[in-house]
Amino acid sequence: MYNYFLPVILAVCWLTTNSFALPVKQKEIIEKLIIEGSFEKALSAIEHIQDEVTDDSDLLLLKGICYYHLETHKTQAPAVLLKALALSKTNHADIDITYHLAQAYMNCSDYGNACKKYKHLQKIVPGKFSNFHKKIESQIALCQSRLSSDRHDTLIQAKATPPAPSANSAKTASVKTENDTLTKQYTIQICSMSFPLSDSFFKGQYGVKLVKMGEVYRYIYNLYPSIEDARAALPKIRKIYPDAFIREFNENKLGKAIDLNIDQIK
């Protein structure tokens, strides 16, 4: 049921002896609860001691793992694990935290960031851990499959055409088309979700906005007055969000997708 908590930390024999700010006995109890899948109990134990032990990467890692396994907390997991990574002081801890950060992104349907973290793991995990590399490869393949599915859904929605106007409304439609042309803008969509992320997820990401389309939540970055301006900005955005693409934006509504083919923009 929970086959990747400590086993994926690359095997017990690889870990060296460390001094933890988190008391070893309490750490072992929390780990046991997590391995058993008792995430709410483990989180309760973490919160009970967190006033005494602050800014500890081990504690934050355990908390982040609990968060992304609980539906009510999973959108908060990436921020907690990123803080744990910032506090980490050893290579094996970096690997462990990065793996669970990728898992947290997966559980939040942020497949772009998940894929990015898994690919980073491929670079920092020693080659002798072949089983772990196979696990990472399978997760990358899953992320890429989900991303392709999201792009396909976006493309279908973008190609959908409204019903033709009746003869009586032709003149009104013509006037509206002219107005739309005057107010049309462009934006860059960085990701789509089946549920909205917490505000803290994009904390510090200036210009990110949430737009709901049907049952899907789209996250967009900035507004541009012309397609040329949007295309000029796209390469920089894709360094952070590789699958970002341009969409028309008019009157707070997203329009058709543009430049879905990532290879066309360098």
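Helices α1 and α2 run roughly antiparallel to each other, a label for angles over 145 degrees. The axes of α1 (residues 24-35) and α2 (residues 39-49) cross at roughly 160° and come within 7 Å. Those axes are lines fitted to C-alpha atoms over the stretch in contact, with angles running from 0 to 180 degrees between N-to-C directions. The helices themselves are DSSP runs (H or I, at least four residues), numbered from the N terminus, while strands are E runs of at least two.

The crossing of α1 past α2 is left-handed, i.e. the near helix is turned anticlockwise from the far one by less than a right angle. On the α1 side, Gln26, Ile30, Leu33 and Ile34 make the contact, and α2 brings Phe39, Lys41, Ala42, Ala45, Ile46 and Ile49; contact here means heavy atoms within 4.5 Å. By type, the residues of this contact split into eight nonpolar, one polar and one charged. In that scheme Ala, Val, Leu, Ile, Met, Phe, Trp, Tyr, Cys and Pro are nonpolar, Asp, Glu, Lys and Arg are charged, and the others, Gly among them, are polar.

A quick word on the source: this is a predicted model, where local features need pLDDT of at least 70, side-chain atom pairs count only at pLDDT 80 or more, and totals for chains, interfaces and linings use all residues. Residues are numbered from 1 along each chain as its sequence is written, and side-chain values use heavy atoms, with hydrogens and water left out.

Now the aromatics. The structure holds two aromatic pairs (ring centres within 6.5 Å, with the six-membered ring used for Trp). In one of them, the ring centres of Tyr99 and Tyr118 sit 6.4 Å apart with planes at 65°, so that pair is edge-to-face, meaning planes over 60 degrees apart. Tyr99 belongs to helix α5 and Tyr118 to helix α6, 19 residues apart, so the pair links distant parts of the chain. Together with Phe132, Tyr99 and Tyr118 form one aromatic cluster.

Most residues other than glycine have a negative phi. Ser109, in the loop between α5 (91-107) and α6 (111-124), has a positive phi of about 65°. Asn222, in strand β3 (residues 216-224), also has a positive phi of about 65°.

Here is relative accessible area for some of these residues, where buried is under 20%, exposed over 50% and partly exposed in between (1.4 Å probe, protein chains only):

| Residue | Relative accessible area | Class |
|---|---|---|
| Tyr99 | 0% | buried |
| Tyr118 | 0% | buried |
| Ser109 | 14% | buried |
| Asn222 | 32% | partly exposed |

Terms used: Phe/Tyr/Trp six-rings, centres within 6.5 Å; stacked < 30°, edge-to-face > 60°. Parallel < 35°, antiparallel > 145°, perpendicular 65-115°, else oblique.
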